[in-house]
Amino acid sequence: MRRWVGRARWTTRALADPTVAFLDALADAVTFAEGLSDFLDRHLAVEDQDVLPLFWRHYTAEEYDAVLQQAVKKGKKAGLWFVAPFTVDCYAEGPDREAFLASVPGVLRLLHRLVRPSYDRLIASAFGSTPVRAAVIAHTPR
C-alpha cells in the first residue's frame, strides 16, 4: 500500500519485508510520519482559521450535535478494532489515559476492552516485548 504526502512516498511493505533491515524501514516510517505530521498541521491550521468559524456562525449547539450524531452513526466502522487501542496508547498509562477513556462514549470503551488482547498480540509479534512508543523513540534518527 502506498501513502502520499505532498511529494513524499512511503511503502508499508518495507516494515514487513524480511529483506529490508527493520531499523532502516522504521527510520523511513518515522521520517514519513514527521512529514505527514507537518502536512496535517498545515491542513488543520487552515481548518481552524477558515472552516471551524463557519460552524459556530451557522449552527446552534443543538444543530451541531445533531449533525455530529448523524456523522458518527453513518461513519465507516472498519478499522476501529485497531484504531481504538492505538488511540488509547497515545496516552501514557495513568491519569491521562483514564481521563481519556472516561471522556469517550461507552461503546468505544467496550470496543477497546474487547479488541485489546488481539491488538497486544499483534503489537508483540511486530515489536517484541518492547512497547511501541519506546521502540520508535529508540530507533528514530536524530
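## Salt bridges

A salt bridge is a side-chain nitrogen of Lys or Arg within 4 Å of a carboxyl oxygen of Asp or Glu. Keep that in mind as you look at this predicted model, which holds 3 salt bridges.

Let's start with Arg116 and Asp89: their closest N and O atoms sit 2.9 Å apart, and they form a salt bridge. This pair ties together distant parts of the chain, 27 residues apart: Arg116 belongs to helix 6 (residues 106-127), while Asp89 is in the loop between helix 4 (80-88) and helix 5 (95-103).

Arg116 and Asp120 are separated by about one helical turn, because they are 4 residues apart in helix 6. Put together, Asp89, Arg97, Arg116 and Asp120 are linked in a network of salt bridges.

So who is tucked away here? Arg97 is buried, with a relative accessible area of 14%, and Arg116 counts as buried at 18%. Asp89 is partly exposed at 25%, and so is Asp120 at 36%.

## A nonpolar patch

Now for the surface. Val51, Leu52, Phe55, Tyr59, Tyr64, Val67, Leu68 and Val72 form a nonpolar patch there, with about 640 Å² of accessible area together. Helix 2 (22-58) and helix 3 (61-74) are the elements that give two or more residues to the patch. Helix 3 gives the most, with 4 residues.

Key:
Residues are numbered from 1 along each chain as its sequence is written. This is a predicted model: local features need pLDDT of at least 70, side-chain atom pairs count only at pLDDT 80 or more; totals for chains, interfaces and linings use all residues. Side-chain values use heavy atoms; hydrogens and water are left out. Patches are made of residues with over 30% relative accessible area and no salt bridge: like charges are joined within 9 Å, nonpolar side chains (Val, Leu, Ile, Met, Phe, Trp, Tyr) within 5 Å. Accessible areas come from the Shrake-Rupley method with a 1.4 Å probe; for residues, only the protein chains shown count as cover. Buried means under 20% relative accessible area, exposed over 50%, partly exposed in between (1.4 Å probe, protein chains only).
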